[in-house]
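Me: Could you take a close look at one part of this model for me? I'd like the charged contacts and ring pairs in that stretch.

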Amino acid sequence: MWYDGGWGWGGWMMMTVATVLFWAVLIVGVVALVRYVAGSRRRQEPGSPSPRGEGGWQDREAESLLAERFARGEIDEDEYRRRLAVLREHR
């Protein structure tokens, strides 16, 4: 009586696959949420000091932008070196 009109092994296989997919989606979602929240905590407001007392990503980004401007020819070498010295001086 238990197996009459049932799905048989195919039903059990579909339930197994559906359960594994459910848990995989749930775990990936939780990991993505944790990474998003942790990533937003790492970002800082402009002008705020770095927690380690060093320049942080803002200074690296500023130096990178300055290097790009120099590479494009927007500023000459003297101006590049002067601005780079100012950036590194104010870390």
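Which side chain does glutamate 77 meet in a salt bridge?

Reply: A quick note on the basis: this is a predicted model, where local features need pLDDT of at least 70, side-chain atom pairs count only at pLDDT 80 or more, and totals for chains, interfaces and linings use all residues. Residues are numbered from 1 along each chain as its sequence is written, and side-chain values use heavy atoms, with hydrogens and water left out.

Glutamate 77 meets arginine 81, at 2.9 Å from N to O; a salt bridge here is a side-chain nitrogen of Lys or Arg within 4 Å of a carboxyl oxygen of Asp or Glu. The two sit 4 residues apart in helix α3, so about one helical turn separates them (helices are DSSP runs of H or I, at least four residues, numbered from the N terminus). Arginine 81 is exposed at 53% relative accessible area, while glutamate 77 is partly exposed at 41% (buried is under 20%, exposed over 50%, partly exposed in between, with a 1.4 Å probe and protein chains only).

Glutamate 74 has salt bridges to arginine 69, with the closest N and O atoms 3.0 Å apart, and to arginine 72, at 2.9 Å. Together with Glu68, these residues are linked in a network.

As for rings, phenylalanine 70 and tyrosine 80 are stacked, 4.8 Å centre to centre with 20 degrees between the planes (Phe, Tyr and Trp rings, the last by its six-membered ring, pair if their centres lie within 6.5 Å; planes under 30 degrees apart are stacked, over 60 edge-to-face, the rest tilted). This pair links helix α2 (residues 56-72) to helix α3 (residues 77-89). Tyrosine 80 is buried at 17%, whereas phenylalanine 70 is partly exposed at 33%.
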